[in-house]
Amino acid sequence: MKALVLAASYAALSLSACGDRVADDHAVADIATSAPASQPTARCVSIETIEQLKVMAFDAARRLSAADPVRMNDLERQSTATLEMPLLNNHDQTLDRTTCAGRLRIAVPVGARSLFGPDDLVADLTYSMQPAADGTGLVYQVDQFGRIPGLIGYADLDQINQSRSGGVAPAPTPVASPPPTSSVGTASFDCRRARTSVEHMICS
């Protein structure tokens, strides 16, 4: 009888142990299936996303600007973008479309800081991305960039001190070349003492 009780207790312990292991297996499966759900959040704050937002903001500024495209390109290249308070708004699993919100801040190089205040190039954005139909990457969409395109697009970029900002120094101002010297020869003698017709012709 004591042997039966011990056997039953052992069986109960064995089932309990198996049950714990089955529960652990389910926990691992839940973690594995929920791992892809973190991908949309990663999209909101990825380096590629932040860089793409900066590129799109400058593209919007170019449509308003009459400035030298080279200076605009230099300003974009030397500026850095950061994303503050990023938030995942929604993820459409059918379209794999992720919608996020955040505050985009663009920091310009030292030479351009006189054109923009510390909080000028800041905008609260709602942006989304989804895979391209041809599989080449993500397609981004932004509703609006606030004041950023207008402030950059209408700025006088000629006032940027590029030598201080670490960029290429502005091209030197062309210096007018002196007028060509005359190729006509001068007399090698004192014309006041010219006597012959040839000498008078040379002096004239």
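Trainee: Which residue is the bridge partner of Leu-87 in β2?
Mentor: In this predicted model, Leu-87 is bridged to Ala-101 of β2.

Trainee: In what sense do β1 and β2 pair, and over how many bridges?
Mentor: The pairing of β1 with β2 is antiparallel and extends over ten bridges.

Trainee: How many residues lie between the strands of that hairpin?
Mentor: Four residues lie between β1 and β2 in the hairpin, and Asp-96 adopts a positive phi there, near 55 degrees.

Trainee: Stepping back, how many helices and strands are in the chain?
Mentor: The chain contains six helices and four strands. Along the sequence their pattern is α-α-α-α-β-β-β-β-α-α.

Trainee: How many disulfides does a search of the whole structure find?
Mentor: The search finds one disulfide. It is formed by Cys-44 and Cys-100, whose sulfur atoms are 1.9 Å apart.

Trainee: Is the disulfide left-handed or right-handed, and why?
Mentor: The disulfide is left-handed, because the torsion about the S-S bond of Cys-44 and Cys-100 is about -75 degrees.

Trainee: Are Cys-44 and Cys-100 buried or exposed?
Mentor: Cys-44 and Cys-100 are both buried. For the chain of 204 residues, the buried share is 27%.

Trainee: Now the core. How many residues has the largest nonpolar core?
Mentor: The largest nonpolar core has 30 residues. Among those with the most contacts inside it are Leu-75, Leu-104, Ile-106 and Tyr-127.

Trainee: Which elements supply at least two residues of this core?
Mentor: The helices that do so are α3 (47-62), α4 (69-78) and α5 (148-153). The strands are β1 (80-92), β2 (97-107), β3 (122-131) and β4 (138-142).

Trainee: Which of them gives the most?
Mentor: Helix α3 gives the most to this core, with six residues.

Trainee: What is Leu-104 in contact with, leaving aside its neighbours within four places in sequence?
Mentor: The contacts of Leu-104 include Leu-53, Leu-83, Leu-125, Phe-145 and Ile-148.

Trainee: What share of the contacts in the chain with a separation of 6 or more comes from residues 24 or more positions apart?
Mentor: Residues 24 or more positions apart account for 59% of those contacts.

Methods: Residues are numbered from 1 along each chain as its sequence is written. This is a predicted model: local features need pLDDT of at least 70, side-chain atom pairs count only at pLDDT 80 or more; totals for chains, interfaces and linings use all residues. Side-chain values use heavy atoms; hydrogens and water are left out. A nonpolar core is a set of buried Ala, Val, Leu, Ile, Met, Phe, Trp, Tyr and Cys residues joined through side-chain atoms within 4.5 Å. Buried means under 20% relative accessible area, exposed over 50%, partly exposed in between (1.4 Å probe, protein chains only). Contact means heavy atoms within 4.5 Å. Two strands pair if DSSP finds at least two bridges between them. A disulfide is a pair of cysteine sulfur atoms within 2.5 Å.
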